[in-house]
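Look at the fold first, then at two of its residues.

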Amino acid sequence: MTLGIVAALHEEIADLLAEMAPGAHVEHIGMRDYYVGKLHGHDCVIVLARIGKVAAAATTTALIHRFDVRELVFTGVAGGLAHGLAVGDVVIADTLTQHDMDASPLFPRYEIPLLGRASFNAESALRDALAQAARDWLAEELHEQVSAEWRAQWQMAAPRVHVGQIASGDRFVSSANEVTLLRGHLPQALAVEMEGAAVAQVCHEYGIPFAVMRTLSDAADDTAHVDFPRFLREVASHYSHGILRRFLRSRPAHPPSHPPSRP
Ligand code: ADE
């Protein structure tokens with residue numbers, strides 16, 4: 001069973017790629033490099049989707065059709081939306097919505113036309129395994145991999161893991177005004193990013209279990225664009241690699257295809 005690992009930015013998968021490199025091969029399709037190999041005993045395909053919903057949807061479709069991926073995890077950063085969340089927290093999606101989908105008055109706002117739904121659920125076992133891996137990594141490895149100096153700079157006192165709604169759209173949200181609007185329209189949304197709900201829609205349409213993990217890099221407010229690139233380099237790359245490594249190690253390498261026979 002092959003797992004697809006997808007990110008929008010190189011930093012988010014660079015360390016995983018280096019870890020997989022020795023036995024991996026690369027296939028170049030549709031202007032993307034798909035790295036096929038094994039990670040911690042699992043058959044994996046790692047790919048940089050690039051930014052935005054179309055890029056994410058196209059990459060997800062190729063993973064399913066060309067690489068026979070049967071499960072998918074998206075990793076990356078997001079802007080925090082909900083009150084009480086902080087830079088350095090991790091948000092794991094339980095449901096995802098495209099905040100820029102609006103075909104009203106033909107269809108209700110956010111509903112994907114002709115699909116009859118406005119949100120997509122992450123697969124519960126993948127979601128829970130990622131959330132546990134994130135909690136364990138924060139408790140046991142964060143302090144080793146992200147220096148005290150950087151944690152202080154980013155005011156990361158005690159990062160936490162949250163499970164809830166993620167909103168996706170083709171817009172880097174970087175104003176307090178827009179945050180207020182999004183909070184008003186999608187009061188349950190914890191974080192905003194630019195790919196997750198597109199991956200979710202494609203996985204839903206093909207019946208592929210998926211999960212989305214996001215490290216909060218900014219508060220989606222007027223300073224978001226300043227924080228974002230530095231945070232990616234100094235902090236988020238460690239989160240992605242560390243949490244996914246724990247996630248992969250926590251899963252049986254070759255799940256039995258049949259239940260064990262009775263004695
Ligand atoms: N990814 C990280 N921060 C983001 C933001 N503020 N808006 C959209 N996507 C993001």
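Q: Which pairs of atoms make a polar contact?
A: The atoms must be N or O, and within protein one must be able to donate a hydrogen and the other to accept it. The pair must also lie within 3.5 Å.

Q: The backbone oxygen of which residue lies 3.0 Å from a polar atom of the side chain of R32?
A: This model is predicted. The side chain of R32 brings a polar atom to a backbone oxygen, at 3.0 Å. That oxygen belongs to G30.

Q: With the side chain of which residue does the side chain of R32 make a polar contact of 2.8 Å?
A: R32 touches E27, V47, L48, A49, R50, A55 and T59, leaving out residues up to four places away in sequence. In one of these pairs, side chain meets side chain in a polar contact of 2.8 Å. The partner is T59.

Q: Is R32 buried or exposed?
A: R32 sits in strand β3, which covers residues 32-39. Its relative accessibility is 9%. Buried means under 20%, so R32 counts as buried.

Q: How many Å apart in space are R32 and L115, C-alpha to C-alpha?
A: In sequence, R32 and L115 are 83 residues apart. In space, C-alpha to C-alpha, the separation is 28 Å.

Q: Why does T75 count as buried?
A: T75 is placed in strand β5, residues 69-80. The cut-off for buried is under 20% relative accessible area. T75 counts as buried because its relative accessibility is 0%.

Q: What is the radius of gyration of the protein chain?
A: The chain holds 8 helices and 10 strands. For 263 residues the globule rule gives 18 Å, and the chain comes close to that, so it is as compact as a globular protein of that length. Its radius of gyration is 18 Å.

Q: What share of contacts between residues at least 6 apart in sequence joins residues at least 24 apart?
A: Take the contacts in the protein chain between residues at least 6 apart in sequence. The share that joins residues at least 24 apart is 78%.

Notes:
Residues are numbered from 1 along each chain as its sequence is written. This is a predicted model: local features need pLDDT of at least 70, side-chain atom pairs count only at pLDDT 80 or more; totals for chains, interfaces and linings use all residues. Side-chain values use heavy atoms; hydrogens and water are left out. Helices (H or I, at least four residues) and strands (E, at least two) are DSSP runs, numbered from the N terminus. Buried means under 20% relative accessible area, exposed over 50%, partly exposed in between (1.4 Å probe, protein chains only). The radius of gyration is taken over C-alpha atoms; the globule rule is 2.2 Å times the number of residues to the power 0.38. Contact means heavy atoms within 4.5 Å.
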